[in-house]
Amino acid sequence: MHHVRELTMRELKLLLLLRRAPYDGVYVPEALDAALVAAAFELKVSILLLDDAVFGLLPDQRADLIGRRTVGKLLLALPDYEIERVYVCGDSLSSRGLHAGDTVIPVQVLSAGEQAELFGSHDIVWND
Amino acid sequence: MLGTLGKTQASPDLGSMNFTLIVHSAPHSGQGSHTALDFARSLVGGGHGLQRVFFYLDGAENALSTRVFPQEETDVLVGWQTLAREHGCELAVCIAAALRRGVLNHEEADRYERRAANTADHFVIVGLGQLIDAVVESDQCITFVN
Amino acid sequence: MSTLHLIFSRTGYDACKQRCKHDDAVLLLQDGVYANTAGKAVYALESDSLARGVHNRLRNATFINMEQFVELTSQHKPVVSWR
């Protein structure tokens with residue numbers, strides 16, 4: 001059985017699909033931890049936020065007040081791990097009264113159809 | 001669009017693939033662990049490769065040795081252990097997910113001065129790097145959720 | 001390869017259905033067999049459908065067993081799970 005790493009230099013494309021509200025348990029920080037480790041191992045990592053996960057993009061989060069890690073701060077640290085591609089569902093944003101310009105980090109807004117294409121362009125999709 | 005699927009008798013050999021399975025579901029709070037176990041059995045039965053099952057988020061709770069299953073409920077703990085023993089796949093539990101859910105092996109129980117170690121046999125506590133290793137070296141990755 | 005969407009609940013189906021390409025495959029399993037697919041062609045895990053008594057209620061579903069589920073996952077990439 002050959003090792004993939006010996007045979008090819010392919011970079012696996014990993015998409016982290018976040019759908020949970022940022023403080024629904026600790027699932028979102030846990031899922032982000034896995035994505036950060038993947039990026040440290042040089043996988044190409046992107047993140048897609050939809051449904052209540054878009055609330056993680058609100059600026060001015062202070063989750064230390066409830067004894068938790070602040071998801072907004074975790075997102076701000078993504079470029080340190082070379083995770084630059086953060087996508088958000090346009091419908092999820094607008095139906096929650098949020099706007100791409102108001103988000104804690106720059107995000108690329110995608111339509112549902114564009115999100116369908118995004119899945120197809122990745123090798124692995126992980127969840128929160 | 002529906003593709004073509006082989007019927008239940010011998011399908012044409014599509015070639016065996018290596019899989020990584022991720023389990024996010026705890027035995028009592030969802031069905032994902034049971035589905036993953038049945039999937040894993042069919043996987044190895046069909047000649048595919050399964051090096052590692054990675055238990056993350058609430059899936060880490062599958063590694064609790066102290067769980068007692070009522071009679072009418074499938075003992076997925078025994079199921080996973082049997083699969084690991086018979087097919088040699090690793091049951092890997094993420095250390096961070098395990099600790100926060102109270103699943104400790106002897107080393108961690110000592111380190112954190114907890115009264116008991118409760119990681120079931122055949123489950124190993126590992127870092128997230130092992131998940132990355134697994135997906136890099138396999139052809140397909142599937143996550144089982146609630 | 002086209003994408004395989006695994007639907008684990010009704011809410012999962014509602015979230016997934018707009019985010020599917022025409023040639024993607026969709027498999028209902030666990031509580032996903034409760035989804036109202038409005039006649040869209042999907043796969044459904046037979047054991048979960050029978051378990052929940054919805055086998056006769058899923059229109060235009062192709063019921064598959066676990067071996068066929070495995071086969072499906074060898075034909076599509078990536079596999080996306082929808083809680």
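A salt bridge here is a side-chain nitrogen of Lys or Arg within 4 Å of a carboxyl oxygen of Asp or Glu, and between chain C and chain B of this predicted model the count of such pairs is 0. Between chain A and chain C, by contrast, the count is 2 salt bridges.

**Interface of chain C and chain B**

- The contact draws 31 residues from chain C and 28 residues from chain B, and the area buried between the two chains comes to about 2,400 Å², with carbon and sulfur atoms giving 58% of that area.
- On the side of chain C, the residues that lose the most area to chain B are Q30(C), V70(C) and E71(C), which together make up 21% of what that side buries.
- Although the count of salt bridges between chain C and chain B is 0, 10 residue pairs are found in polar contact across this interface, with both residues of each pair at pLDDT 80 or more.
- Two or more residues of the side of chain C that touches chain B come from each of β3 (42–45), β4 (61–64), α3 (66–73) and β5 (79–82) of chain C, and α3(C) gives the most, with 8 residues.
- Sorted by class, the residues on that side of chain C are 13 nonpolar, 10 polar and 8 charged.

**Interface of chain A and chain C**

- Here 22 residues of chain A are in contact with 16 residues of chain C, and the buried area is about 1,400 Å², of which 50% is given by carbon and sulfur atoms.
- Of the area that chain A buries against chain C, 35% is supplied by R19(A), A116(A) and F119(A), which is more than any other three residues supply.
- The count between chain A and chain C is 2 salt bridges, and one salt bridge joins the side chains of E117(A) and K21(C), at 3.4 Å from N to O.
- Polar contacts between chain A and chain C number 4 residue pairs, both residues being at pLDDT 80 or more.
- The elements α4 (90–94), α5 (112–120) and β5 (124–127) of chain A each supply at least two residues of the side that touches chain C, and α5(A) gives the most to that side, with 7 residues.
- By class, the side of chain A that touches chain C holds 8 nonpolar, 6 polar and 8 charged residues.

**Sheet of chain C**

- In chain C, 5 strands form an open sheet with parallel pairing, in the order β4-β3-β2-β1-β5; β4 and β5 of chain C stand at the edges with a single partner strand each, so one side of each is left without a neighbour in the sheet.
- Strand β2 (residues 25–28) of chain C pairs with β3(C) in the parallel sense over 2 bridges, and L27(C) has Y43(C), in β3(C), as its bridge partner.
- Helix α1 (residues 10–17) of chain C lies across β1 (4–7), β2 and β5 of chain C, and runs at about 150 degrees to β1(C).

**Sheet of chain B**

- Chain B has an open sheet of 5 strands, paired in parallel, in the order β4-β3-β2-β1-β5; its edges are β4 (123–126) and β5 (140–144) of chain B, each with a single partner strand, so one side of each lacks a neighbour in the sheet.
- Strand β3 (residues 90–94) of chain B is joined to β4(B) by 4 bridges, the two strands running parallel, and L91(B) stands opposite F123(B) in β4(B).

How values were computed:
Residues are numbered from 1 along each chain as its sequence is written. Chains are lettered from A and ligands numbered from 1 in the order in which they are written. This is a predicted model: local features need pLDDT of at least 70, side-chain atom pairs count only at pLDDT 80 or more; totals for chains, interfaces and linings use all residues. Side-chain values use heavy atoms; hydrogens and water are left out. Contact means heavy atoms within 4.5 Å. Buried area is the accessible area (1.4 Å probe) that two parts lose on being put together, summed over both. A polar contact is a pair of N or O atoms within 3.5 Å; within protein, one must be able to donate a hydrogen and the other to accept it, and residues adjacent in sequence count only if both atoms are side-chain atoms. Ala, Val, Leu, Ile, Met, Phe, Trp, Tyr, Cys and Pro count as nonpolar, Asp, Glu, Lys and Arg as charged, and the others, Gly among them, as polar. Two strands pair if DSSP finds at least two bridges between them. Axes are lines fitted to C-alpha atoms, for helices over the stretch in contact, and angles run from 0 to 180 degrees between N-to-C directions.
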